[in-house]
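Reader: I would like to learn how to read the features of a protein model. Please take them one at a time, with the general idea and then the case at hand.

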Amino acid sequence: MSNTNNRERKPEWLRVKYNHNAVRNVRNLMNQLSLNTVCKEANCPNMGECYKKNTATFMILGSQCTRNCRFCNVIHDLPEDVDPMEPIHVAEAVKKLELKHVVVTSVTRDDLKFGGADQFVKVIEAVRHLCPDTTIEVLIPDLKGNIESLDMIVDAKPDVLNHNVETVKRLYDTVRPEANYERSLFVLDYVKKKDPNMLTKTGFMVGLGEKDDEVYGLMDDILKTDCDILTIGQYLQPSSKHIDLVEYVTPEKFEIYKSEGLQRGFKFVASSPLVRSSYNAAEALEIRNKEENLI
């Protein structure tokens, strides 16, 4: 691991180049359909690579988040009205991009009765109607742990349900002051208990000052929920207003984390500096195909 501060140049393994034509083409389509992508709003480092593959993670329920997590680049502001045309627009974009696997996430909408769960359901239904062969992954907020909201989404049967824990327990009050460690674990646990056949997924960042034993303890806590898929990536400080970056974790350390995760029992682990929760998400679905072939 290498110690750092926000003014220090990124190490070579974190430097990426965008394919500007691909970025422009996908952005134009999103603008035409009045859609947001988490790729753009969160300033994802893989935006160029994913856009070149005609892949994007759709962010529904507007671009303004009702929470203000200290690591996140998504805007915290007054929320927008829910767009009733958003589900069909997402489905149209999926069809135009010819996506085999789509990831749908959202800002946190604590102002809505069901936290936006009903909009997730409408998006799933619209994509299934227009693109029946496309697999669907949803990356949901904690929905305040509301069972009725969670039931809505689980009953819609996405192929993968993801909820990120983001960081180790000790750092929650600093990194995610409006979230709760136990509640995030509850979301994963509840979903798996309600539908044991649903693939569940979570992810967290490193580089915030966590210790190895805390990382492994977090893995063990996640595994108690029977979560299938784990992603681990490097925290990158969006601006001086965000929580400080403590260190750049080396690719070699990420490989150790991957090995530990697999040995502990995760079915699939994506662990590298540039990994984000939806990066190469379709690859994780291969575990379901492997399981079915073994039956």
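Author: Burial comes first, and a residue counts as buried under 20% relative accessible area, as exposed over 50%, and as partly exposed in between (1.4 Å probe, protein chains only). In this predicted model, 56% of the 295 residues of the protein chain count as buried. Residues are numbered from 1 along each chain as its sequence is written, local features need pLDDT of at least 70, side-chain atom pairs count only at pLDDT 80 or more, and totals for chains, interfaces and linings use all residues. Side-chain values use heavy atoms, with hydrogens and water left out.

Reader: What share of the contacts in the protein chain with a separation of 6 or more comes from residues 24 or more positions apart?

Author: Contact means heavy atoms within 4.5 Å. Of the contacts with a separation of 6 or more, 75% are between residues 24 or more positions apart.

Reader: How many salt bridges does the structure hold?

Author: A salt bridge is a side-chain nitrogen of Lys or Arg within 4 Å of a carboxyl oxygen of Asp or Glu. The structure holds 16 of them. One joins D111 and R109, whose closest N and O atoms are 2.9 Å apart.

Reader: Are D111 and R109 buried or exposed?

Author: R109 is buried, at 3% relative accessibility. D111 is partly exposed, with a relative accessible area of 42%.

Reader: Which parts does the salt bridge of R170 and E214 tie together?

Author: The side chains of R170 and E214 meet at 2.5 Å, N to O. R170 lies in the loop between β8 (160-162) and α7 (172-175), and E214 in helix α9 (residues 212-223), so the pair links parts 44 residues apart in sequence. R170 is partly exposed at 47% relative accessibility, while E214 is buried with a relative accessible area of 18%.

Reader: Where do D189 and K193 lie?

Author: Both are in helix α8 (residues 181-194), four residues apart, which is about one turn of the helix. K193 is exposed, with a relative accessible area of 59%. Salt bridges that share partners also join D151, D155 and K194 into one network.

Reader: How do the axes of α4 and α5 cross?

Author: Axes are lines fitted to C-alpha atoms, for helices over the stretch in contact, and angles run from 0 to 180 degrees between N-to-C directions. Helix α4 (residues 86-97) and helix α5 (residues 117-130) have axes that come within 8 Å and cross at roughly 40 degrees.

Reader: How do the axes of α6 and α8 cross?

Author: They come within 10 Å and cross at roughly 50 degrees, so α6 is oblique to α8. This crossing is right-handed. I147, L150, D151, V154 and D155 of α6 meet F186, V187, Y190, V191 and K194 of α8. That contact has seven nonpolar, no polar and three charged residues.

Reader: With which residues is L150 in contact, leaving aside its neighbours within four places in sequence?

Author: L150 lies in helix α6 (residues 147-155) and is buried at 1% relative accessibility. Its contacts are I140, L143, G145, F186, V187 and Y190, leaving aside neighbours within four places in sequence.

Technical notes. Helices (H or I, at least four residues) and strands (E, at least two) are DSSP runs, numbered from the N terminus. Angles under 35 degrees count as roughly parallel, over 145 as roughly antiparallel, 65 to 115 as roughly perpendicular and the rest as oblique. A crossing is left-handed if the near helix is turned anticlockwise from the far one by less than a right angle, and right-handed if clockwise. Ala, Val, Leu, Ile, Met, Phe, Trp, Tyr, Cys and Pro count as nonpolar, Asp, Glu, Lys and Arg as charged, and the others, Gly among them, as polar.
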